[in-house]
Amino acid sequence: MKVARLVLIFICVVFPAAAQTMTFDQWQAGAPNPNGAPSRGGVIYTNVGQVKGELFLVDACWPCPSLTATISDNGGNKYRPIGTRVTSGGVAFQHWYAVNRVTETNYAAITLTLSGSCTANGIAFNSFYLELISVKGIDGKTPIDAATVVTGTGKTAAMSLTSGTPAESETMLAIFLTAGVGVPFTTTKGWTPWGSGEAVAGNEYKAGVTGPATATVTAATASPWGGILYGIRPGTSGTGTL
């Protein structure tokens with residue numbers, strides 16, 4: 001089973017003097033219950049430690065949409081949903097965040113727990129998918145700004161912010177998850193990968209610009225997909241990171 005994923009980021013190039021510079025720290029992903037085995041959850045591990053004050057972004061999809069999911073980790077952090085759980089083509093998609101409150105020198109263990117047992121044989125894919133992205137230099141009090149969650153089925157996935165206007169110091173992050181075979185995505189102009197296998201952008205977003213922030217990707221094969229587009233606030237000398 002292969003699950004394609006693409007993470008896109010929209011970086012503002014104008015920063016207030018007091019704003020910290022946000023930087024990508026690490027990414028990890030996996031399919032914790034391969035081959036359609038019955039499961040109530042699973043865990044992924046990073047290969048580096050946790051940094052106190054950084055932002056943990058967790059995305060997941062699972063092929064039992066009647067079940068709900070919660071996220072926990074070995075640091076005892078509290079994960080809050082970004083938007084709501086959505087479904088497409090028999091697959092559920094959801095996104096969470098937590099501000100890391102601990103320092104762990106060995107690794108981060110991120111656990112997805114389902115509300116019941118999920119057996120995925122014969123559905124779009126035979127496992128569930130879980131990923132972690134961590135970012136340094138964020139506002140630890142209110143890190144997430146305007147967000148839009150969307151879902152659909154097909155070769156093209158498109159998102160636009162439907163409410164809110166990101167400030168010019170924020171970073172825009174777009175995440176697409178698809179339940180289809182892991183074929184490459186083609187992105188709209190300005191969106192490029194962030195980190196190893198992830199995604200960054202080189203466009204500029206300034207406060208006062210009219211129109212929504214948008215992101216679109218096209219895959220070679222049609223499949224159910226879920227996505228989220230949101231702003232991440234940087235830390236400042238006034239708020240710090242905790």
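These are my notebook entries on a predicted model, written for someone meeting this structure for the first time.

**Entry 1: ground rules**

I number residues from 1 along each chain as its sequence is written, and my side-chain values use heavy atoms, with hydrogens and water left out. As the model is predicted, local features need pLDDT of at least 70 and side-chain atom pairs count only at pLDDT 80 or more, while totals for chains, interfaces and linings use all residues.

**Entry 2: the whole chain**

I started with the secondary structure and found zero helices and 16 strands in the protein chain. Here helices (H or I, at least four residues) and strands (E, at least two) are DSSP runs, numbered from the N terminus. Next I looked up burial: of the 242 residues in the protein chain, 51% are buried. Buried means under 20% relative accessible area, exposed means over 50%, and partly exposed is in between, with a 1.4 Å probe and protein chains only. Then I turned to contacts (heavy atoms within 4.5 Å). Among those between residues at least 6 apart in sequence, 84% join residues at least 24 apart.

I looked up an open sheet of three strands and wrote down its order, 3-9-5, with antiparallel pairing. Two strands pair if DSSP finds at least two bridges between them. Strand 3 and strand 5 (69–73) each have a single partner strand and stand at the edges, so one side of each has no neighbour in the sheet. On average, neighbouring strands of this sheet are turned by 20° against each other, direction ignored. For that angle, axes are lines fitted to C-alpha atoms, for helices over the stretch in contact, and angles run from 0 to 180 degrees between N-to-C directions. I counted six bridges in the antiparallel pairing of strand 3 with strand 9. Tyrosine 45 has alanine 109 of strand 9 opposite.

**Entry 3: the aromatic pair**

The ring centres of tyrosine 45 and tyrosine 107 are 5.5 Å apart and the planes stand at 80°, so the pair is edge-to-face. My cut-offs were these: rings of Phe, Tyr and Trp (its six-membered ring) pair if their centres lie within 6.5 Å, and planes under 30 degrees apart count as stacked, over 60 as edge-to-face and the rest as tilted. Tyrosine 45 belongs to strand 3 (residues 39–45) and tyrosine 107 to the loop between strand 8 (91–99) and strand 9 (109–118), so the pair ties together parts 62 residues apart in sequence. Tyrosine 45 is partly exposed at 45% relative accessibility, and tyrosine 107 is partly exposed too, at 35%.

**Entry 4: salt bridges**

How many salt bridges does a search of the whole structure find? I noted two. The term means a side-chain nitrogen of Lys or Arg within 4 Å of a carboxyl oxygen of Asp or Glu.

One joins aspartate 25 and lysine 136 at 3.9 Å, N to O. Aspartate 25 sits in strand 2 (residues 23–30) and lysine 136 in strand 10 (residues 129–136), so the pair ties together parts 111 residues apart in sequence.

The other joins aspartate 145 and arginine 233 at 3.0 Å, N to O. Aspartate 145 is in strand 11 (residues 144–160) and arginine 233 in the segment after strand 16 (214–232), 88 residues apart. Aspartate 145 is partly exposed, at 21% relative accessibility, and arginine 233 is partly exposed at 24%.

**Entry 5: the cores**

I then looked for nonpolar cores, which are sets of buried Ala, Val, Leu, Ile, Met, Phe, Trp, Tyr and Cys residues joined through side-chain atoms within 4.5 Å. The largest has 23 residues, with Leu55, Leu57, Tyr230 and Ile232 having the most contacts inside it. Strand 8 gives the most to this core, with four residues. Tyrosine 230 touches several residues beyond four places away in sequence, including Leu57, Ile82 and Leu173. Apart from this core lies another, of 21 residues, among them Ile44, Ala69, Tyr79 and Ala108.

**Entry 6: strand 12**

Strand 12 pairs with strand 16 in the antiparallel sense over eight bridges. The bridge partner of leucine 177 in strand 16 is glycine 226.
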